[in-house]
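I wanted to go through this one slowly and jot down what I looked up. Here are my notebook entries.

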Amino acid sequence: MRPSTVPLSEVAVSKTHGEDSPYFAGWKAYDEDPYDAVTNPSGVIQMGLAENQVSFDLLEEYLEEHPEASSWGSGISSFRENALFQDYHGLKSFRKAMASFMEKIRGGKAKFDADRIVLTAGATGANELLTFILADPGDALLVPTPYYPGFDRDLRWRTGVNIIPIHCDSSNGFQITIEALEAAYSEAEVAKMRVQGILITNPSNPLGTVMTRSVLELLLDFATRKNIHLISDEIYSGSVFSSTEFVSVAEIVEARRHEEAERVHIVYSLSKDLGLPGFRVGTIYSYNDRVVTTARRMSSFSLVSSQTQKMLALMLSDTEFTERYLRTNRERLRKRYEFIIKGLKSAGIECLDGNAGLFCWMNLGPLLEEDTREGELKLWELILQEVKLNISPGSSCHCSEPGWFRVCFANMNLQTLQVALKRIKEFVDGRKPKN
Amino acid sequence: MLKSSIAGTGVMSRSFSPAAVSSRATSMYRSEHESTNHVGQSKCSDDPYDRATNPNGVIQLEIAENRLAMDLVKEWISDNVKASLIDSDISHLVPYHPIDGLLELKTALAAFMGQVMLESISLDPSQMIITAGATSAIETLSFCLADPGDAVLIPSPYYTGYDRNLKWRAGVEIIPVPCRSIDNFRLSISSLELAYNQAMKRGVKVRAIFLSNPSNPIGNLIDRVTLHELLDFVTEKNIHLVSDEVFAGSNHGTDEFVSIADVAHTEGFDKTRVHVIYGLSKVLALPGFRIGVICSFNEYVLATAKKYARFFSVSVPTQRLLVPMLSDVNFALKYIEIKKKRLRRMYELFVEGLEQFGINCFPSSAGYYCWVNMSNLMRSNSEKGELELWDKLLNISKINVTPGSECRCVEPGWFRICFTTITEDDIPVVMKRIKRITANNKD
């Protein structure tokens with residue numbers, strides 16, 4: 001494409017969005033040659049998209065049984081209200097339904113106040129919005145690695161804020177340590193960047209693990225000591241295989257009777273747990289009044305349509321449905337996870353012990369020709385081109401240890417997953433392991 | 001729980017509060033709190049007028065929403081029940097879709113807007129980006145066309161929302177280019193030139209001109225000659241031109257609406273500097289659905305805006321729901337025609353009503369509002385006098401209107417008063433309320 005003759009902004013022409021990374025390049029390869037069991041059985045299988053399709057049938061069933069949820073605002077009489085409603089506070093009924101859904105996910109171990117919920121068009125928008133509010137251009141957020149590649153864009157691109165990685169490695173299952181935290185903070189200081197907060201994803205993308213209570217306590221203590229914010233992106237909280245294992249930062253806040261709560265903010269979305277990315281529903285939950293008010297106003301740039309809010313308010317207040325959905329979804333994800341782990345094991349591939357999410361964190365270190373980022377990318381390229389699987393290389397998640405890959409297992413049916421596992425096994429069998 | 005202190009201390013320092021927020025958040029917070037818009041809205045929501053249940057409530061004449069033809073939309077829905085339901089086949093609704101809007105929505109919108117603009121232009125779906133309302137479109141273009149600290153020229157008076165949309169996150173400065181009553185509030189190229197040169201002298205980079213056509217808050221239309229001159233100007237300076245045409249389809253008079261895209265196309269200008277904004281909030285009274293459109297002829301801008309779309313993408317079920325209605329040509333024609341008639345009627349009644357008090361409305365042929373000169377009711381010919389009058393209108397007449405100073409009008413005494421959120425029967429009520437002030441004034 002020829003550059004524009006009329007100059008554009010620097011942000012527009014910069015590459016800070018990070019969309020040139022292999023993470024996104026693999027999607028392109030899939031788009032050009034997508035697998036289909038019947039029409040294109042040798043196509044690329046998409047294992048790089050963290051989407052949840054295992055519980056679609058439950059949603060379909062709900063919509064069929066509740067047509068009022070999917071029309072122009074549940075009947076003609078409320079059409080007018082719906083059409084005109086553009087209040088950035090968001091529909092109260094929807095926020096209440098969201099709050100109670102979030103409570104349900106946490107097994108009632110934390111309470112959420114509907115008036116602290118700010119709605120945005122997706123978690124992408126929520127993360128960016130929080131960054132605009134909590135940090136100025138040139139400031140830094142500390143983010144544990146490996147992290148979701150989209151953060152490079154969502155947290156940095158238009159905000160001008162920097163990400164300083166908190167390095168984690170396999171020696172302790174990629175958990176955050178105080179040493180790593182301190183090191184990251186010092187790195188920012190040396191670079192003369194003001195650290196405004198820590199952003200964690202819990203359960204973690206790409207690791208597929210939940211954070212322990214003690215690490216969460218550590219993080220909140222550190223944030224308090226340094227007087228910075230703590231953002232917890234909990235968009236996979238409803239996808240923890242065993243409901244009792246997840247500890248939300250909200251629980252820590254409550255256990256501490258809301259002391260220092262003003263620095264804690266939670267991001268949530270329905271895209272993962274409920275499998276509704278097309279609905280563009282994200283939320284910011286903040287214990288800080290000023291942040292709530294400011295976020296609400298700034299959310300004007302990405303409001304959720306009234307019609308969608310109405311529809312979801314109905315669905316999420318249906319306790320019978322949500323309880324059944326959460327229970328069934330967890331169970332199916334767990335089964336999928338076990339299936340893929342077993343399949344990978346039989347191919348001689350180990351994964352990190354996971355307990356949540358739509359993916360597993362796979363170790364292909366033994367297959368690398370060289371134990372470097374380049375070696376990892378070479379292997380990734382090979383797997384994409386020859387094995388025809390799109391998986392996400394750890395380097396695009398800023399993992400400091402080469403050889404790790406994120407593999408999604410919930411965005412396809414079981415048969416496709418079986419085909420993928422077969423291909424992997426054949427590939428591994430055909431390669432000599434490194435000495 | 002301790003609340004952080006917020007009294008005008010600039011950026012909250014670390015020693016006062018747990019974890020400061022950004023300075024852009026702080027300045028945004030303060031500016032919002034102080035605006036008349038905020039105050040007026042609160043009074044309206046606390047005590048809303050209703051002819052039956054709360055006849056003494058505050059009448060909202062500040063929101064430029066057209067409710068005059070909503071019955072037509074309702075009628076369409078009840079006549080087209082099947083098309084009004086979302087397909088329960090989840091695979092159509094749920095997975096990730098093109099982030100910048102469904103092709104079928106763009107196509108339907110292109111057809112609908114074509115009708116609205118009487119086929120004077122034809123929109124190309126491949127040059128459209130769907131945004132979460134026009135608010136989002138304006139901000140997005142700011143991010144595309146200018147860097148923080150850069151400026152855009154905007155003829156004033158202008159829509160109060162521009163200050164937020166350009167400054168809050170994109171950090172773009174607005175240089176107002178005043179238009180005056182003596183010129184019938186028409187934009188003069190020489191004032192643009194002056195403003196441009198002054199900015200350059202100060203070391204501020206001007207990246208674009210933003211304007212609204214039909215104009216908000218004036219309601220006038222930019223004629224073909226001026227559009228041509230504008231295009232000459234931006235070509236010469238090599239800057240962009242953003243035409244906010246969200247009020248297209250609100251013309252009720254005899255003047256013809258001409259889109260900048262029409263002129264750029266027919267007169268052979270380089271269209272890569274021209275960008276147009278549309279939205280369904282005004283033309284179809286569906287602000288709740290959050291549908292805005294950026295039309296650009298610049299591939300680079302389209303590609304960038306598409307990447308930005310991740311931050312403001314519109315819900316797929318909402319998009320799908322709108323497609324059948326927007327594609328219904330008969331509905332579009334009927335809607336446009338009836339709406340125009342009703343608008344004209346309300347406009348005439350309103351103008352007539354105000355004339356009895358010797359209050360003149362600027363003769364406009366578009367928009368959902370009158371641009372009204374109430375300077376003879378002010379105690380002093382100043383912004384202070386205007387705000388005092390605004391306050392009286394809100395607290396004595398109990399009507400919420402927009403003072404010209406909020407729109408950066410340089411002449412005190414002008415107000416934007418919307419007439420499309422009320423019915424014909426409410427007009428005498430509004431006039432009676434205004435009388436409370438004009439009567440007082442005579443004493």
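What follows are my entries, topic by topic.

**Ground rules.** This is a predicted model, so I kept in mind that local features need pLDDT of at least 70, that side-chain atom pairs count only at pLDDT 80 or more, and that totals for chains, interfaces and linings use all residues. Residues are numbered from 1 along each chain as its sequence is written, chains are lettered from A and ligands numbered from 1 in the order in which they are written, and side-chain values use heavy atoms, with hydrogens and water left out.

**Cores.** I started with the nonpolar cores, meaning sets of buried Ala, Val, Leu, Ile, Met, Phe, Trp, Tyr and Cys residues joined through side-chain atoms within 4.5 Å. For burial I used relative accessible area: buried is under 20%, exposed is over 50%, and partly exposed is in between (1.4 Å probe, protein chains only). The largest nonpolar core has 236 residues, and A:M47, A:I340, B:F350 and B:M374 are among those with the most contacts inside it. Helix α14 (residues 329-355) of chain B gives this core its largest share, ten residues. Helices (H or I, at least four residues) and strands (E, at least two) are DSSP runs here, numbered from the N terminus. There is also a second, separate core of 73 residues, including A:F94 and A:Y285.

I then checked what B:M374 touches, with contact meaning heavy atoms within 4.5 Å. Leaving out residues up to four places away in sequence, its contacts include B:I359, B:L393, B:F415 and B:I434.

**Strand β3 of chain A.** Is β3(A) buried or exposed? Five of the five residues of this strand (140-144) are buried, so the rest of the structure largely encloses it. A:A140, A:L142 and A:P144 point one way, while A:L141 and A:V143 point the other way.

Next I looked up the neighbours, counting two strands as paired if DSSP finds at least two bridges between them. β3(A) pairs with β4(A) (residues 162-166) in the parallel sense over five bridges, with A:V143 standing opposite A:P165. β3(A) also pairs in the parallel sense with β5(A) (residues 195-201), over three bridges, and there A:A140 has A:V195 as its bridge partner. β3(A), helix α7 (residues 151-156) of chain A and β4(A) make a right-handed β-α-β unit. Right-handed means that, with the strands pointing away from the viewer, the path from the first strand over the helix to the second runs clockwise.

**A sheet in chain B.** I found an open sheet of four strands with antiparallel pairing, in the order β9-β10-β13-β12. β9 (360-361) and β12 (402-403) each have a single partner strand, so one side of each is left without a neighbour in the sheet. Inside the sheet, five bridges join β10 (residues 369-373) to β13 (residues 414-418), and B:N373 stands opposite B:W414.

**Interface.** Chain B puts 87 residues into the contact and chain A puts in 88. Together they bury about 7,900 Å², 61% of it on carbon and sulfur atoms; buried area is the accessible area (1.4 Å probe) that two parts lose on being put together, summed over both. How many salt bridges cross it? The rule (a side-chain nitrogen of Lys or Arg within 4 Å of a carboxyl oxygen of Asp or Glu) finds zero between chain B and chain A.

I also looked at A:S302, in the loop between α11 (289-298) and α12 (306-316) of chain A. A:S302 counts as buried, at 4% relative accessibility. Among its contacts are A:L119 and A:T120, and also B:A132 and B:F311.

**Salt bridges.** Over all chains the search finds 47.

- A:E338 and A:R334 meet at 2.8 Å, N to O. Both lie in helix α13 (residues 319-346) of chain A, four residues apart, about one turn of the helix. A:E338 is partly exposed at 41%, and A:R334 is partly exposed at 26%.
- B:K106 bridges to B:D100, also with N and O 2.8 Å apart. B:K106 is buried at 6%, and B:D100 is buried at 5%.
- B:E424 bridges to B:R345, with the closest N and O atoms 2.8 Å apart. B:E424 sits in the loop between β13 and α16 (426-442) of chain B and B:R345 in helix α14 of chain B, so the pair ties together parts 79 residues apart in sequence.
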